[in-house]
Amino acid sequence: MSGDLIAGKLGISRTAVWKCLKQLEELGYAFEKRKGTGYRLIATPDRLYPWEIERFLATSSLGREIVYRDSVDSTNALTFRLALEGCKEGTCVVAESQLAGRGRLDRQWHSPYAKNLYLSVVLRPRVSPARIYPLSFISSLAAFDTLVAAGVAPRLKWPNDVLVNNRKICGTLIELSVEADTVRFAVIGIGLNINMEKSDMDAALGEKATSLLMETKNFFERPPVCGILLGSLEKYYEIAGRQGMEEMCRLWEERAGVKGTYMEIRQMDRVYRGISEGIDRDGAMLLKENGVVTRVIAGDVLV
Ligand code: BT5
């Protein structure tokens, strides 16, 4: 397209067009320039720029405001700060890397640069703190559907993981701000491994983690995956709002297919063992051992 045409379409000067193209080049876009013909876009950088994600977004609120960082301590931490300042529901933070990406109980989330998705979203659900826990299932359900769309066969692991071929491909983390008997906001954080390779991890993590690239041998562009993920997240959030938290538990249980399987769950220094009777209306795992049903609220599934 000629510089004149671009200038005319945007109602700016030729010099302004040239400046914009320079800026785009600095961001990693590449153009072919031909005298007399104009400019042609020949390469787009592998970055999660908000405008790249927006091209694949069909949501009404989630991700309509995207905060982008090249590097951040943790997308959950930044999102929490923005939520405290009163940002809109659906505001989303994405980053190319995290210096202090976190899991549950202060565990680390490995976040190599420009390889995966690290994103967090602000939700302001109208639900009491006592009933909020199953909201965390919307993130693993959304990741599950996104992975199916990408062509792999995921499995849900209680409470908030998604595995492929028995290796972790996605971890999710919900953090809440609660005041008396109301939830002020929830931050839903999702780490979804896309193009990470074994060489991006240390030996220990390399044994238990996987990515879309490792599973399919295909490189994935991250903005479309991010768009699908946000769309699924909004879908499940709407279901939770319309049909309640019990429906989230039912959907999760149905997808996970844990009922009737033997499980071992570690909680601090205690291990619960038993046959799963599914999850209850609060998202807790019910384990039956010697005829007695125990309700396990949190923990790490060992088997
Ligand atoms: C989780 O914790 O699985 C929740 C992870 C949430 C990460 C996202 S990234 C965006 C947002 N911002 C944040 O700061 N966090 C969220 P947990 O169940 O505690 O599992 C943590 C364990 O998973 C670690 O101890 C490792 O064993 C393993 N792990 C760490 N990084 C991983 C990765 N990239 N892929 C797979 N497994 C990983």
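## A cis peptide bond and a positive phi

Pro-159 is found in the loop that runs between β6 (154-157) and β7 (161-164), in a model that is predicted. The peptide bond leading from Trp-158 into Pro-159 is cis, its omega lying near 0 degrees.

Although Leu-105 is not a glycine, its phi is positive, at about 50 degrees.

## The ligand and its polar contacts

The ligand sits in the largest pocket, and the elements that contribute two or more residues to the shell around the ligand are α4 (75-84), β5 (117-123), β8 (167-179), β9 (182-192) and α6 (203-208). Of these, β8 gives the most, with four residues. In total 27 residues surround the ligand, and the closest are Ser-74, Arg-102, Arg-107, Lys-168 and Asn-193. Sorted by class, the shell comprises seven nonpolar, 14 polar and six charged residues.

At Lys-168 the side chain takes part, with one of its N or O atoms 2.7 Å from an oxygen atom of the ligand. The ligand taken alone exposes 800 Å², of which the protein buries 93%.

## Aromatic pairs

The count of aromatic pairs in the model comes to six. In the pair formed by Tyr-49 and Tyr-68, the ring centres are 5.2 Å apart and the ring planes meet at 65 degrees, so the pair is edge-to-face, given that planes over 60 degrees apart count as such.

This pair links distant parts of the chain, since the two residues are 19 residues apart. Tyr-49 is placed in the loop between β2 (38-43) and α3 (50-54), whereas Tyr-68 is placed in strand β3 (residues 66-72).

Notes
Residues numbered from 1 in each chain as written. Predicted model: local features only at pLDDT ≥ 70, side-chain atom pairs only at ≥ 80, totals over all residues. Heavy atoms only, no water. Near = heavy atom within 4 Å. Polar contact = N/O pair within 3.5 Å; in protein donor to acceptor, adjacent residues only side chain to side chain. Areas by Shrake-Rupley, 256 points an atom, 1.4 Å probe, with all protein chains shown as cover. 1 Å grid on protein atoms, 1.4 Å probe; cavity = no way out; pocket = protein on both sides within 12 Å on 5 of 7 lines; lining within 4 Å. Sits in = over half its atoms within 2 Å of the grid points. Nonpolar A, V, L, I, M, F, W, Y, C, P; charged D, E, K, R; others polar. Phe/Tyr/Trp six-rings, centres within 6.5 Å; stacked < 30°, edge-to-face > 60°.
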